[in-house]
Amino acid sequence: MDSIPLFQLQILSAILFAIGFGTVLIRRNLFFVLMGVELMLNAANLSFLAWSRVQSGASTLEGQVAPLFSIAIAAAEACVGLAMLLAVFRSRESLDTDAFSRMKG
Amino acid sequence: MGMENLLWLIPALPVLGFLINGSLSLASARTHNGPSRGLSGFLAVLFPLIAFLLVLKLHFGLHDAQEVVRAQNQNLGLHLALPQSFTQPLWSWIATGDINLSFGFAFDGLTSVMLLFITGIGTLIHLYSIGYMAHDRGFARFMAYMNLFLANMIVLVLGNGPIVTFLGWEGVGLCSYLLIGFWHHETANNDAARKAFLVNRVGDLGFLMGLFLLWQILGPSTPLTYQAIAEWFRDPAHSAALASGVVAALLTTSTLLLFLGCTGKSAQIPLLTWLPDAMAGPTPVSALIHAATMVTSGVFLLARMSDVFVHAPLTMQVIAWIGAATAAWAAVTGFVQTDIKKVLAYSTISQLGFMFLAVGVGAFDSGLFHVFTHAFFKAVLFLGAGSVIHALGGEQDLRKMGGLAKKLPITFAAMFAGWYAITGLPFGAGFWSKDLLLEKVLLQGGTALYAIALGTAILTAIYMTRMMILTFWSPSRVEHAVEHHVHEAPLTMQVPLWILGIGSLVAGFAWAGMIPGCSWFPAQLASIVGPAQALFVPVEHEGPSAILLAGVGVTASLLGIALSFGLFRRGAFREKSQAPLSGFAKGWTLAFDTIHAVVGIWPVRISSWILEKICQPLLSGLVRLFAYIVSLVGLATQWFQRPRLRVNLSMSALGLVLILIFLIFHARTLL
């Protein structure tokens, strides 16, 4: 199988990241904000993997191990995030980020 | 323990007295009477007395050390140098780079002479103060200040270099300020104290700048001790450098600035106005600080640095002429004063002028000899005046005195001795020192200076005799209410009067030029001012004989006394009017105040006006402008600080992007 060139993979990763970040910025619903964050994490994972393919020796492994960590942590983060989201929704009856300004200094 | 290890004790003892009396004064601040007069007076006299005994011991110790070496030289045929001083380096004060300033004391012939009369007369005046200040609530505070003054004066004289001297120099200025304004409930006293302090600051600035310039000439690696400075200037290897234009100009500037410091401390033209005002302080203060010791420190400094000053002939000329001018000016002013202490104050300025005149013509030792004898007779005159003021219940106006000779016999006898000495009548202290001084002035300074000095000697006799007549001999003009209470002073005040009165008659024999063997004084100073004086060749080698000059001096005194008796015998000549000074007398007195106002005070006032009315609004406007800009920026950026997650996030993303862009384009320059 012909390998996809590094450059194209990086561009893809950047596009994914931008979409994720855009989602975080644009959507007011906390669900979508969390989804945007997941997308950004996976964009970074893709970038890691793409880089690992052009490396040689031990660096190849490092490039593949880092995404594994990242996925595991992202799973934990999703758990906590969704739990908090539920708690917030119960107390506020809303998922609008702009509505949460009680902690302003 | 070697003698030199005792040096630090001399200033430490009065400091101890200051601490104890100061604590007593503070601790008893809330009580009605203050601490026991007996205790605090005893302590105040005890420590200076021990210091005096210590100085005596060191004086003879130095003499013995020299004798030992001299005997060795004779017996073994050696040529060892005689020890000229005890030195005690205490600690390194400032050590940085080339500069290494040590703090230490040095005790040599000059120091020993100065310290003998500073601690000796100081002790007597402390004793006198017990009686004079007995009824004052601030007794302990007064004694504390006096002890502190003595300690500072000792540091001034005992310091091993000009920097240590400067420490004492500032210290005595502070104590002078504290004691002039001792009776601080009256504004006039506080004004006088501030004036003394400020005028002295001008001189002190000169001292410091002169010192730094001098250090520049010597090079920073020369340790700034009198010993090193003298050796540097005595070294023939440096004579070529001293002759070069730049160094000579620097040296002249430096010595002139140092001399400015001396004029401030010693009340010479142009910085003399503070001393008459300083008479606002209690009389013992006037006697100790403003007559016997502090005001002579200018002459002391010149003698200490004689090796420097002789290499600046222009400065020496300036010193001589300023000394002569001050002597004459102050003598004329003394002539029209109506306050007994003011007469003595101007007399002090005049006598200090004599000393500077002698120093200026290169006769350092005879200038210092006049310092020595003057300390005795001016102290006794001031203390006598204090006794008169005490007897009259605070009256200082000569026009309200008279006929006191019979009522105050002891005071009269003491002041008579002082008067006898200052007018220069035969064999009194002033006779020996003033005639020697006049002789040196004639031989080394020329006839013009001699004429001024001789004229001043006549004036001195006139105004001093006038003071004596108006106080003691003329018909009594004392107010009736006061007259009943006139009483002789208590014993503590009489003893110093006796001792100093006798001193002012016999002190001159320390250097009675005409009597062989009476040359203790110049022998003490030979090693310090000798090399400098050797550079001065008399203008006329074949001057008139010393006897003839002494005859001229005595004739001048007698002439002045006779004139004075003719003028003031009945207390006439302005003394009938009770009005304050006006017209000529006032203008003459205040001439230098006017000059100070024009030269010093008005420029400051004008510039302060400019600063207040023009610069201050401009600057504050500028400050407000910046503050306004900052608050505007704050208002504008407030919008970004809203509690909106998406705004905050986009702002941080924007910031990150900007940083990345900057790094990309400037990575090369940063690395």
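Angles under 35 degrees count as roughly parallel, over 145 as roughly antiparallel, 65 to 115 as roughly perpendicular, and the rest as oblique. With that in hand, welcome to the close-ups. The model shown is predicted: local features need pLDDT of at least 70, side-chain atom pairs count only at pLDDT 80 or more, and totals for chains, interfaces and linings use all residues. Residues are numbered from 1 along each chain as its sequence is written, while chains are lettered from A and ligands numbered from 1 in the order in which they are written.

**View 1. Helices α3 and α16 of chain B run side by side.** Helices here (H or I, at least four residues) and strands (E, at least two) are DSSP runs, numbered from the N terminus. Two packed helices are described by the angle between their axes and the distance between the axes. Helix α3 (residues 109–132) of chain B and helix α16 (residues 364–391) of chain B have axes that come within 11 Å and cross at roughly 5°; the axes are lines fitted to C-alpha atoms, for helices over the stretch in contact, with angles from 0 to 180 degrees between N-to-C directions. The pair α3(B) and α16(B) is therefore roughly parallel. From α3(B), look for B:V113, B:F117, B:I121, B:I125, B:Y128 and B:Y132, which meet B:F372, B:A375, B:A379, B:L383, B:G386 and B:H390 of α16(B). Contact means that the C-beta atoms of two residues, placed from the backbone, lie within 7 Å. The residues in this contact of α3(B) with α16(B) comprise 10 nonpolar, 2 polar and no charged. In this sorting, Ala, Val, Leu, Ile, Met, Phe, Trp, Tyr, Cys and Pro are nonpolar, Asp, Glu, Lys and Arg are charged, and the others, Gly among them, are polar.

**View 2. Helices α2 and α3 of chain A pair up in opposite directions**. The axes of α2 (residues 30–54) of chain A and α3 (residues 58–92) of chain A come within 8 Å and cross at roughly 175°. That crossing is why α2(A) and α3(A) count as roughly antiparallel to each other. On the α2(A) side, the contacting residues include A:L30, A:L34, A:L41, A:F48 and A:W51, and on the α3(A) side they include A:T60, A:P67, A:I71, A:A78 and A:L85. By class, this contact of α2(A) with α3(A) has 13 nonpolar, 7 polar and 1 charged residues.

**View 3. Chain A as a whole, with its segment after α3**. Chain A has 3 helices and 0 strands, in the order α-α-α along the sequence. The radius of gyration of chain A is 17 Å, well over the 13 Å that the globule rule gives for 105 residues, so chain A is more spread out than a compact globule; this radius is taken over C-alpha atoms, and the rule is 2.2 Å times the number of residues to the power 0.38. Its C-alpha trace spans about 50 × 30 × 25 Å along the principal axes. Of the 105 residues of chain A, 10% count as buried. For burial, 20 or more other C-beta atoms within 10 Å of a residue's own make it buried, 12 or fewer make it exposed, and in between it is partly exposed, with C-beta atoms placed from the backbone. In the segment after α3 of chain A sits A:E93, which has a positive phi of about 60° although it is not a glycine. A:E93 counts as exposed because it has 8 C-beta neighbours inside 10 Å.

**View 4. The loop between α9 and α10 of chain B**. This loop lies between α9 (245–266) and α10 (274–277) and holds B:L272. B:P270 is also found in the loop between α9 and α10, and a cis peptide bond joins B:I269 and B:P270, with omega about 5°. Another residue of the loop is B:A267, with a positive phi of about 55° although it is not a glycine. B:A267 is buried, with 30 other C-beta atoms within 10 Å. B:L272 counts as buried too, with 24 C-beta neighbours inside 10 Å. Leaving aside neighbours within four places in sequence, B:L272 is in contact with B:A267, B:T326, B:I349 and B:F592.

**View 5. Helix α12 sits inside chain B**. Helix α12 (residues 297–304) of chain B has 8 of its 8 residues buried, so it is largely enclosed by the rest of the structure. Among the buried residues of α12(B) are B:V299, B:F300, B:L301 and B:R304. Of the 671 residues of chain B, 49% count as buried.
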